[in-house]
Amino acid sequence: MEAKLSLKIVAAVFLSFLCMSCGKNDENAADVIVRLGNSTLSRTQLMQNMPGGLSPDDSTRYARAYINTWIDSHLITDIASREIDMDEIDRLTADYRRQLIMQRYRNRMFETHAPTISEDSLRAYYDSHRSEFVLERPLVRGVYLKVPDDAGDLAQLRRLYRSDKPEDIDRLEKEVLKSAIHYDYFRDRWVDWEQIESRIPYDFGSEPGVWLKNSRRLDESLGGFTYLLYITDVLPVGSAMPFESAKPMITQRLLVPARRAYELTLTGALRERAVKDGELMINVDME
């Protein structure tokens, strides 16, 4: 109980402690908030991990949670290190570190040597493997706006965003500059439905295909803002993926042989250089 109480006290006085401690030497003993064995949590560490813009109450809650997490993680780590095979942990950590370094280096080097795949090659692959590119989420085209409820041109925007006339579309582009908070015109490109849905605090239901099939138009006032959404076209789940949407996947597929060939060349060159520099010596027949 005393330990819990002391944590609450530390968290509660955290803000005032920051103010009183400004300018002091970080190595001052007062900088240590928690000590567990040879490990310490300092005020400086807590400050560095504290998000900006928090209210005093939020800062107190964050400090308390951070301190508790630090204590629990160090306690578990200290206990576990006495009861499990740490040599195995060290070996796994070293292996993972090597794999991560290798992958990062290979990726960086290949990015500078990757061949350019022509649009014709991408299109030809798409045409030959169209059945393999199927949508798992709906794609949509349309218009989306977020406007304050008290916007003077709201009625005008309501009329323009549904219009297909070129002059109305041009007028819409000018009107949104006056009051719109968000505006996205995507009638000319396919967009993942989730990108649109995530912007609007409206319950579209657990099955987006149902709303898209029955409605396609939204005009809702929520939290002081009016959300206007007009979906002109829908590609439902299971449809063939458009070429533009499939291009990144096709590119990655076509680069696989080139990546493998490059990595063999890269590792071979590194070996040769290491042998030449006297850093690598192999005393067995590798062929």
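Modeller: Let's start with a term: a polar contact is a pair of N or O atoms within 3.5 Å; within protein, one must be able to donate a hydrogen and the other to accept it, and residues adjacent in sequence count only if both atoms are side-chain atoms. This is a predicted model, where local features need pLDDT of at least 70, side-chain atom pairs count only at pLDDT 80 or more, and totals for chains, interfaces and linings use all residues. Residues are numbered from 1 along each chain as its sequence is written, and side-chain values use heavy atoms, with hydrogens and water left out.

Biologist: Which backbone oxygen does the side chain of T112 reach?

Modeller: T112 sits in helix α5. Its side chain makes a contact at 2.7 Å, and the backbone oxygen belongs to M109.

Biologist: Is D192 buried or exposed?

Modeller: D192 pairs with R137 in a salt bridge at 2.6 Å, N to O (a side-chain nitrogen of Lys or Arg within 4 Å of a carboxyl oxygen of Asp or Glu). Buried means under 20% relative accessible area, exposed over 50%, and partly exposed in between (1.4 Å probe, protein chains only). R137, at 39%, is partly exposed. D192 has a relative accessibility of 14%, so D192 counts as buried.

Biologist: How far apart are the closest N and O atoms of D168 and R159?

Modeller: D168 is buried because its relative accessible area is 10%, while R159 is partly exposed at 41%. The two form a salt bridge, and their closest N and O atoms are apart by 3.7 Å.

Terms used. Helices (H or I, at least four residues) and strands (E, at least two) are DSSP runs, numbered from the N terminus.
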